[in-house]
Amino acid sequence: MPTKPTRRAVLGAALAVAGSGVLAACSDDAPTGPSSGAKADDLFVSPDGKEVAAAEAERGSGPVRKVSLTATPARLDLGGGRTVSSWAYGDRLPGREVRVTAGDTLALTLANHLPQPTSLHWHGLALRNDMDGVPGLTQRDIAPGADFTYRFAVPHPGTYWFHPHSGVQQDRGLYAPLIVEDPKEPLAYDKEWVVVLDDWVDGVDGSTPDAVLAELRRGMGGDDSGDGGGSGDGGTEHGGMDHGGGHDMSKTPSEGEGGGPSRMMMGATSPLLGGDAGDVAYPHYLVNGRTARDPSAFSARPGDRIRLRIINAGGDTAFRVALGGHRMTVTHTDGFPVRHTTTDALLLGMGERYDVLVTAGDGVFPLTALAEGKKASAMALLRTGGGAAPAASVRPRELDGKLVQAGRLVPDESVALPARAPDRTLRIRLTGGMAAYDWAFDAKPYTTGQRRPVEAGERIRLVFDNATAMWHPLHLHGHTFAMAGNAAGARKDTAIVLPHRSLTVDFDADNPGLWMLHCHNVYHAEAGMMTVLGYRR
C-alpha cells in the first residue's frame with residue numbers, strides 16, 4: 001500500500017515550480033510582501049540563478065564522466081539466509097560505487113522506478129546549488145517513471161556518498177559511495193577498501209522506515225528530559241497539515257504500523273554520546289550490505305598498506321569502529337586531509353566519513369562496527385592468510401582502546417581555514433524530545449520558507465546549543481566548516497553535538513544558493529530538525 005506523503009514531499013510540492021530551479025521563498029529575517037515592496041525571489045539567490053552559474057563556471061569543466069543509475073524495488077540478500085524486499089540502486093547493497101577524479105564533470109542520470117517521487121543528494125560535495133538534490137528547495141521531485149540528470153563539476157577529492165533527500169528513503173537501500181580521487185594523491189598504499197556501515201529495518205517482519213517514523217511521531221506519551229519547546233510551535237506553524245507517516249492516535253506505539261513490530265528503542269545509552277544512544281531498535285546492522293553472521297571479506301597480503309574509506313550511511317546509529325589486531329592512522333575526515341593521527345578506534349555519527357591507513361597483519365581479522373549504545377554490532381573480515389573467521393559476536397580489544405574524536409583532529413595545512421574573525425554569527429538552539437517527537441531548531445519545525453541569511457564572502461560562525469537530551473549529527477550542505485570555531489579545527493561537513501552541550505564551527509560563504517542545514521538522524525530531520533541558509537542577492 002502506498003505510504004502517505006512525508007513532510008518533505010508535502011512541503012516540496014507546495015513550492016515546486018516548472019523547471020529545475022525553485023524560487024527562493026521569503027525569509028523569517030527579512031520583510032517581504034506588498035508593504036515592503038520586495039518580492040521573495042528578489043531577496044535571496046535562486047538555486048538556478050546567475051550567481052550559481054558563475055560559481056560553477058569558476059570551478060571549470062573537466063572530462064565528463066557519464067553514469068546511469070536506477071532507483072527500483074529490489075530483493076536484497078543481507079547474508080545468513082536473510083533476504084528482504086526494499087528499494088535500492090539496482091540490485092545491490094550498497095549501490096554501485098561511483099568513482100571520479102577531482103576536476104571531472106559528473107553527469108549522472110537517475111531513473112526513478114519507485115512507486116514514490118525521489119531525489120539524489122551528494123553528501124559532502126561543494127557543488128552547484130541546483131544539483132544539490134533537495135526537492136522543494138533546489139529542484140522538483142523526480143516523479144515515478146521519470147528521470148533526471150545531475151550534471152556538475154566535482155571540485156574536491158575525498159570520500160563522499162549519495163542518497164535521497166526525500167522523506168525517510170535513505171533508511172531503505174538507497175545509498176552508495178562516491179569516491180573522488182586526487183590527481184596528485186599524496187598517500188602511498190597498496191589497496192583500497194571502501195567500507196559502508198548501516199542500520200537496517202526495511203522489509204524485516206513487515207517494517208518500513210515510514211512505519212518507524214509514524215510510530216516515533218506518536219511519541220512516548222510521557223515527559224522527556226529534553227527541551228520540548230517545539231511541540232506547541234509545530235501545530236501552529238503547520239496549521240494542521242498532514243506531515244506524512246500516517247498519524248493514527250488510536251494505536252499505541254507497541255502496535256507498530258503495517259504489521260511490523262514496535263521499533264522504538266528504550267534504554268540505549270552511551271557515555272561517548274552523552275546518554276541516550278538512539279531512537280530506533282534495528283534488527284540488523286551491516287557492513288557493505290552484510291550482517292555479521294555472513295560477513296563480506298576483503299583480501300590482501302600480509303604487509304599490504306590498505307586505505308580504508310569508512311562511511312556511516314545509517315539512519316539512527318553511531319558506530320564505533322576498530323580493526324582487530326591493528327592500529328589505524330587517520331588521514332582524512334569528511335573528505336579533507338588531517339595531520340596523521342594514530343588511533344585504535346573511531347566513532348562515526350550518521351553521515352560522517354573517515355579515511356585511515358593500516359598495515360595488514362597475517363591472518364583473518366574482524367573489522368567490527370559496534371552499534372554504539374545499542375548492544376549489537378556489524379562486522380566484515382580482512383583476510384590475508386588462512387584461519388577460521390572470528391565469531392559474529394567478537395569484540396576486538398581495540399574498541400576499548402584509544403579513540404580519536406573529530407574535535408581533536410588538526411587539519412592538513414593545505415586545507416586549514418585561514419584565521420579570520422567571523423563577519424556573522426548564527427546561533428541555533430536544538431529543541432524537542434522523544435515525548436512529542438518534536439525535534440526542531442529554535443522550536444520551529446522546518447518549513448520551506450525558512451531562511452537564515454548569509455552573504456557571499458562572509459566568514460560565518462555557527463553556534464549550536466543543544467538543549468535536548470539527545471546527541472545530533474549536524475550536516476551542512478554545499479560547504480565544509482572548521483571545527484572548534486577557529487582555523488585550528490579539522491574541515492568537516494557533518495559533526496556531532498552532544499546533549500546539553502554546544503558546538504561552534506566556522507565556514508566561508510563561498511558557494512551561493514539555498515543550502516540545507518539539518519540533523520542527519522533521518523527521523524529527527526523528518527520531524528522538523530532542518531533549516532535553510534540563504535545567500536542574499
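This is a predicted model: local features need pLDDT of at least 70, side-chain atom pairs count only at pLDDT 80 or more; totals for chains, interfaces and linings use all residues.

1. Of the contacts in the chain with a separation of 6 or more, 77% are between residues 24 or more positions apart. The chain has 32 strands and 6 helices.

2. Burial and surface. Of the 537 residues, 60% count as buried.

3. In soluble globular proteins, nonpolar side chains tend to be buried together. Here the largest nonpolar core holds 112 residues, and within it Trp122 and Tyr523 touch the most other members. Strand 20 (residues 364-371) gives this core its largest share, 4 residues. There is also a second, separate core of 16 residues, with Leu76, Ile179, Val194 and Val204 among them.

4. Tyrosine 523. Which residues does tyrosine 523 contact, leaving aside its neighbours within four places in sequence? The list comprises Val168, Asp171, Pro209, Val212, Leu213, Leu216, Val280, Tyr282, Gly315, Asp316 and Tyr437. One of these partners, Tyr437, comes up again under point 8.

5. Helix 3. An α-helix has 3.6 residues a turn, so residues three or four places apart point the same way. In helix 3 (residues 50-59), the buried residues are Val52, Ala55 and Glu56. Seen down the helix axis, the buried residues of helix 3 fall within an arc of 100°, so they line one face. Lys50, Ala57 and Glu58 are exposed on the other side of helix 3. Strand 6 (147-153) is included in what covers the buried residues. Just after helix 3, glycine 60 has a positive phi of about 85°.

6. Histidine 475. Is histidine 475 buried or exposed? Its relative accessible area is 0%, so histidine 475 counts as buried. The residue sits in strand 26 (residues 472-476). Its side chain makes polar contacts with the side chain of histidine 121, at 3.4 Å, and with the side chain of threonine 494, at 3.1 Å. Leaving aside neighbours within four places in sequence, the residues in contact with histidine 475 include His123, His518 and His520, as well as Asp493 and Met516.

7. Alanine 188. This residue is in the loop between strand 8 (176-181) and strand 9 (191-200). With a relative accessible area of 56%, alanine 188 is exposed, because the cut-off for that class is over 50%. Alanine 188 and arginine 305 are 117 residues apart in sequence, yet their C-alpha atoms are 8.0 Å apart in space.

8. Backbone points to check. Most residues other than glycine have a negative phi, and most peptide bonds are trans. Leucine 93 and proline 94 are joined by a cis peptide bond, with omega about -10°; proline 94 is in the loop between strand 2 (82-89) and strand 3 (98-101). Aspartate 205 has a positive phi near 55° and is found in the loop between strand 9 and helix 4 (209-217). Tyrosine 437 also has a positive phi, near 45°, and lies in the loop between strand 22 (424-431) and strand 23 (440-441). Although placed in a loop, tyrosine 437 counts as buried, at 4% relative accessibility.

Key: Residues are numbered from 1 along each chain as its sequence is written. Side-chain values use heavy atoms; hydrogens and water are left out. A nonpolar core is a set of buried Ala, Val, Leu, Ile, Met, Phe, Trp, Tyr and Cys residues joined through side-chain atoms within 4.5 Å. Buried means under 20% relative accessible area, exposed over 50%, partly exposed in between (1.4 Å probe, protein chains only). Helices (H or I, at least four residues) and strands (E, at least two) are DSSP runs, numbered from the N terminus. Contact means heavy atoms within 4.5 Å. The arc is that of the directions from the helix axis to the C-beta atoms. A polar contact is a pair of N or O atoms within 3.5 Å; within protein, one must be able to donate a hydrogen and the other to accept it, and residues adjacent in sequence count only if both atoms are side-chain atoms.
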